[in-house]
Amino acid sequence: MSGTLILVRHGQSEWNLKNLFTGWRDPGLTEKGHEEAKSAGRKIKALGLKPNIAFTSVLSRANVTNDHILAELGLEGLQTIRHEALNERDYGDLSGLNKDDARAKWGEEQVHIWRRSYDVQPPGGESLKDTGARVWPYYLHTMQPHVLRGGTVLVSAHGNSLRALVMALDGLSGEEVVKMEIATGIPIVYSLNADSTVASKQILED
Ligand SMILES: O=C(O)[C@H](O)COP(=O)(O)O
């Protein structure tokens, strides 16, 4: 057995609440989102996990989520590395649009394909495959080495940057990933073997 990787999607954002495509835009958390992030920290603490290092995107909803988790763990000063490789998928021209308005304009099926397919890009934006092409190398070169040294690594990121990471860790196909959702503020805890394969996966639901 090697180390532990903890993945957390940020708590509910103002734009999640308003049902807007967000991508690289930078809204803050709602009250509920702050609570979800704190609750994620308490769940990680209840499991007795103590991160040695934290990674997050350059977007404030993930940064604030990381701060809440570290505060709940009493680890406020922990080294935290922020990198745009962990940012949400770039939603391109859809950014800022209401998801229901988009369905009315382009149809339910097209919007679902943009949101959940593996390799179809939304107009002017990134497919999940494009997002994975920046997330996975960053994981392999920068985060995974800490896990393989026996560390506990906390990652506070986004729905689709984490879907790309989980897709690779779980070995999901492009068809399987369509059905995969990641909830806000619910930690996913992986234990990795020394050869970097997944030993166990636990989703810390309520
Ligand atoms: O960027 C967004 O709009 C959300 O963070 C995730 O959106 P999705 O559920 O449409 O992938």
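This is a predicted model: local features need pLDDT of at least 70, side-chain atom pairs count only at pLDDT 80 or more; totals for chains, interfaces and linings use all residues.
**Exercise 1. Is asparagine 19 exposed or buried, going by its C-beta neighbours inside 10 Å?**

*Step 1.* Find the residue: asparagine 19 sits in the loop that links α1 (14–17) to α2 (31–46).

*Step 2.* Count its neighbours. There are 12 C-beta neighbours inside 10 Å, and a residue with 12 or fewer counts as exposed.

*Step 3.* Conclude that asparagine 19 is exposed because of this count. While you are there, look at its backbone: phi is positive, about 65°, although asparagine 19 is not a glycine.

**Exercise 2. Work out how serine 196 is classed by its C-beta neighbours inside 10 Å.**

*Step 1.* Go to the loop between β5 and β6, where serine 196 lies.

*Step 2.* Serine 196 has 13 C-beta neighbours inside 10 Å, so it counts as partly exposed.

*Step 3.* Check the backbone here too. Serine 196 is not a glycine, and yet its phi is positive at about 80°.

**Exercise 3. Decide whether leucine 86 is buried or exposed, and list what it touches.**

*Step 1.* Leucine 86 belongs to the loop between β3 and α4 (99–106).

*Step 2.* Within 10 Å there are 28 other C-beta atoms, and 20 or more make a residue buried. Leucine 86 is therefore buried.

*Step 3.* Leave out residues up to four places away in sequence, and the contacts of leucine 86 are Phe55, Thr56, Ser57, Val135, Tyr138, Ala157 and Ser161. One of them, Ser161, is also a buried residue of α7.

*Step 4.* Glycine 74, between α3 (60–72) and β3 (80–82), is exposed because 11 other C-beta atoms lie within 10 Å. Its C-alpha is 9.7 Å from that of glycine 41, 33 residues away in sequence.

**Exercise 4. Describe helix α7 and find what its buried residues pack against.**

*Step 1.* Helix α7 covers residues 159–170, 12 residues in all, and spans 16 Å from first C-alpha to last, close to the expected 16 Å.

*Step 2.* Its buried residues are Asn160, Ser161, Leu162, Arg163, Ala164, Leu165, Met167 and Leu169.

*Step 3.* These buried residues pack against β1 (4–9), α6 (128–148), β4 (152–157), β5 (188–192) and β6 (198–203).

**Exercise 5. Step back and describe the whole protein: which elements does it have, and why does its radius of gyration agree with a compact globule?**

*Step 1.* The protein has 7 helices and 6 strands, which follow the order β-α-α-β-α-β-α-α-α-β-α-β-β along the sequence.

*Step 2.* A compact globule of 206 residues would have a radius of gyration near 17 Å; this protein has 16 Å, so the two agree. The C-alpha trace spans about 50 × 35 × 30 Å along its principal axes.

*Step 3.* Of the 206 residues, 39% count as buried.

*Step 4.* Finally, look at confidence. The mean pLDDT is 98, with 100% of residues at 70 or more, and the model scores ipTM 0.96 and pTM 0.98.

Technical notes
Residues are numbered from 1 along each chain as its sequence is written. pLDDT is the predictor's confidence in each residue, from 0 to 100. Helices (H or I, at least four residues) and strands (E, at least two) are DSSP runs, numbered from the N terminus. The radius of gyration is taken over C-alpha atoms; the globule rule is 2.2 Å times the number of residues to the power 0.38. The expected span of a helix is 1.5 Å times one less than its number of residues. Two residues are in contact if their C-beta atoms, placed from the backbone, lie within 7 Å.
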